[in-house]
Amino acid sequence: MSDFILSKERPTRVWVLHPDLKAVDARRMPDLRLAEAVSLAAALPDLEIIGHEVVRLPKPHAGHLFGTGKLAELKERLHDAEIDLVLVDGPVTPIQQRNLEKAWNVKLLDRTGLILEIFADRARTREGVLQVELAALSYQRTRLVRAWTHLERQRGGFGFVGGPGETQIEADRRAIDDQVIRLKRQLSKVVKTRELHRAARRKVPFPIVALVGYTNAGKSTLFNRMTGADVMAKDMLFATLDPTMRGVELPSGRRVIMSDTVGFISDLPHELVAAFRATLEEVLEADLILHVRDISHPETEEQAEDVGEILESLGVAEDVALIEVWNKIDALSEETRASLLATDARREDVQSVSALSGDGIEALCAAIEERLGEERLSETLDLPFSQGRAHAWLHAQGVVREERQGKAGWHLDVSWTATQKARYERL
């Protein structure tokens, strides 16, 4: 478990701070950002949240983040409350972290460190564990601020111009780099296995529907409602971490594969976005994306923007079909709900549902069927090299799943609709 769980005899006492920087043009209200940070802290076991507050700052102090007066005020408050751990909802430099821990005599985590702790606690699959470990090492590498000259290993240079040799910080960095290389090798093997599973699914003519959305938007509850699965679904940030896939039969009898993925969050650490790219490739492979939104949340529009930015950074193509699923309509007032349903009726790309009560699920299934269009067929084609025009047409249509070259031509695994197949045969 995490190294900040300081005592097993009692829960770790936590204080959450959200620095509200006037210089930063934030889209979010400070109080709501603080509430999200408190929810993040509550997602970890063995933590007891004693207090939380927004700290307004004209500008960050280079060495301590907070000014001298605020530093002393917080020190007294943390001491009186017997706080073990302070969570700062924002970026904290390694030097600021070291100085604050020394000044307050507590353990300190910034937003990135906290999210990494939650992911480490939740990862269950081999791939998830490796990805979290890799992300944590990338993060730790940037936090090496010690320079213990008394632990120099050797002298560098030629002796007469050589300065100090390898310091402890350099040795630590080298050890982390070695571990990162080892983890990447292990992860590449796991990713190859996932790619084999993905290739096997391509041969089955079932389209993939991926659920994405801000954390705690209700993706797992909707997934369970539609598939009859028993995926962990709690009113908690990052309740689901590892991706889950299940087959679903739509009302017409057509089968699709539904994928539930990790929830997104604002300021998602870039180490995690990079590490979880392999997991989130399920989204890149999807024929249809369901963007699940908690429509009852006061900052649902800002959350939707954050999800859009992460999808864009992952390279999700704009031409992939997407339906916005406005979830938690049961949490709205009658008046707001009626207004929302009127908007839903005017837009083809929106479906209002309550994953909890089941309202709107039938209409959502019908919309999925309509957006997926015709059923896709998987076939293997043998195409001679002389058929260059047909080869180019197949790639332009985006139906080629895999291609191998033989002596006389191409062997192509294609996934296409009956209409596309008829057009190809008319070429």
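Which residues in α5 are buried? In this predicted model, the buried positions of α5 are E127, G128, L130, Q131, V132, L134, A135, A136, L137 and Y139. The helix itself, spanning residues 126-141, comprises 16 residues and reaches 23 Å from its first C-alpha to its last, which is close to the 22 Å expected at 1.5 Å a residue.

The largest nonpolar core contains 38 residues, and those with the most contacts inside it are V16, L87, V212, F264, V283, I289 and L311. At least two residues of this core are supplied by each of β1 (12-21), α1 (30-42), β2 (47-57), β3 (85-88), α4 (111-122), β5 (208-213) and α10 (300-314), with α1 providing the largest share, five residues. Setting aside residues up to four places away in sequence, V16 touches L34, A37, V38, A41, I49, G51, H52, E53 and L87. Another core, of 24 residues, lies apart from the largest one and includes L211, M258, A321 and C365.

Across the whole structure, 16 salt bridges are found. One of them joins R56 to D20, with the closest N and O atoms 3.8 Å apart, and it links strand β2 to strand β1 across 36 residues of the chain; R56 counts as exposed at 52% relative accessibility, whereas D20 is buried at 19%. The side chains of R293 and E324 meet at 2.9 Å, N to O, connecting strand β8 with strand β9 over 31 residues, and here R293 is buried at 5% relative accessible area, as is E324 at 15%.

Conventions
Residues numbered from 1 in each chain as written. Predicted model: local features only at pLDDT ≥ 70, side-chain atom pairs only at ≥ 80, totals over all residues. Heavy atoms only, no water. Helix = DSSP H or I, 4+ residues; strand = E, 2+ residues; numbered from the N terminus. Expected span 1.5 Å × (residues − 1). Buried < 20%, exposed > 50% of the residue type's maximum accessible area, 1.4 Å probe, protein only. Core = buried A, V, L, I, M, F, W, Y, C linked by side-chain atoms within 4.5 Å. Contact = heavy atoms within 4.5 Å. Salt bridge = Lys/Arg side-chain N within 4 Å of Asp/Glu carboxyl O.
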